[in-house]
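Let's take a friendly walk through a protein together.

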Amino acid sequence: MNPKRKQRLIIVLFIVFGVGIAVGLTMFALSQNINLFYSPTQIASGEAPHNTRIRAGGMVVDGSVVRDQQSLNVTFDITDYDQTVTVHYDGILPDLFREGQGIVAQGELDSNNVFQASEVLAKHDENYMPPEVADALEKSGNMPKPEAEVYNK
């Protein structure tokens, strides 16, 4: 093999290995940032991974919100009307957060099956429900009727 051909082969191999390493690192980084959505039923049945960043959503159970008077700690339950999961959040809740409304929380499930939320997102008007929550409620057969339908009957 002449020296010029050998030099080209080394350059091509260097480029191929470099691109392979870059693709591998990108795939690893993307797999670490995926936040999968789980309903309370899936979490209660053990489908959700522990100590991995996930999203959970459902309706806030009436009477379940407990606020610590000395800090920003809040504990509440979310449900898809089939199962219930306890959520613990340390921070300021959104202004639209209230009992009986749909929310999506981002965080990790601890070893006691308590969802440790790092972020809580609330809906923005009375007719909106996060798509993941709506899908979970439809699958469980417990989708609440819109208020307009309730008053028209």
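Leaving aside its neighbours within four places in sequence, which residues is S64 in contact with? They are T75, F76, D77 and E99, where contact means heavy atoms within 4.5 Å. Before going further, note that this is a predicted model, in which local features need pLDDT of at least 70, side-chain atom pairs count only at pLDDT 80 or more, and totals for chains, interfaces and linings use all residues. Residues are numbered from 1 along each chain as its sequence is written, and side-chain values use heavy atoms, with hydrogens and water left out.

Now back to S64. You can find S64 in the loop between β2 (53–60) and β3 (66–67). S64 counts as buried because its relative accessible area is 12%; buried means under 20%, exposed over 50%, and partly exposed in between (1.4 Å probe, protein chains only). The side chain of S64 also takes part in polar contacts, which are pairs of N or O atoms within 3.5 Å; within protein, one must be able to donate a hydrogen and the other to accept it, and residues adjacent in sequence count only if both atoms are side-chain atoms. One of these runs to the backbone oxygen of V61, at 2.7 Å.

Let's step back to the whole chain. The protein chain has 4 helices and 7 strands, taken from DSSP runs (helices are H or I, at least four residues; strands are E, at least two) and numbered from the N terminus. Along the sequence, their order is α-β-α-β-β-β-β-β-β-α-α. Of the 153 residues in the protein chain, 28% count as buried.

I11 is partly exposed because its relative accessible area is 45%.

How far can you trust the picture? The predictor's confidence in each residue is called pLDDT and goes from 0 to 100. The protein chain averages 83, and 85% of the residues score at least 70. Confidence is highest in strand β5 (residues 84–90), at a mean of 93, and lowest in helix α4 (residues 147–152), at 43. Over residues 148–153, pLDDT stays under 50, and the model has 2 contacts beyond four places in sequence for them. Where pLDDT is low, the predicted coordinates should not be read in detail.
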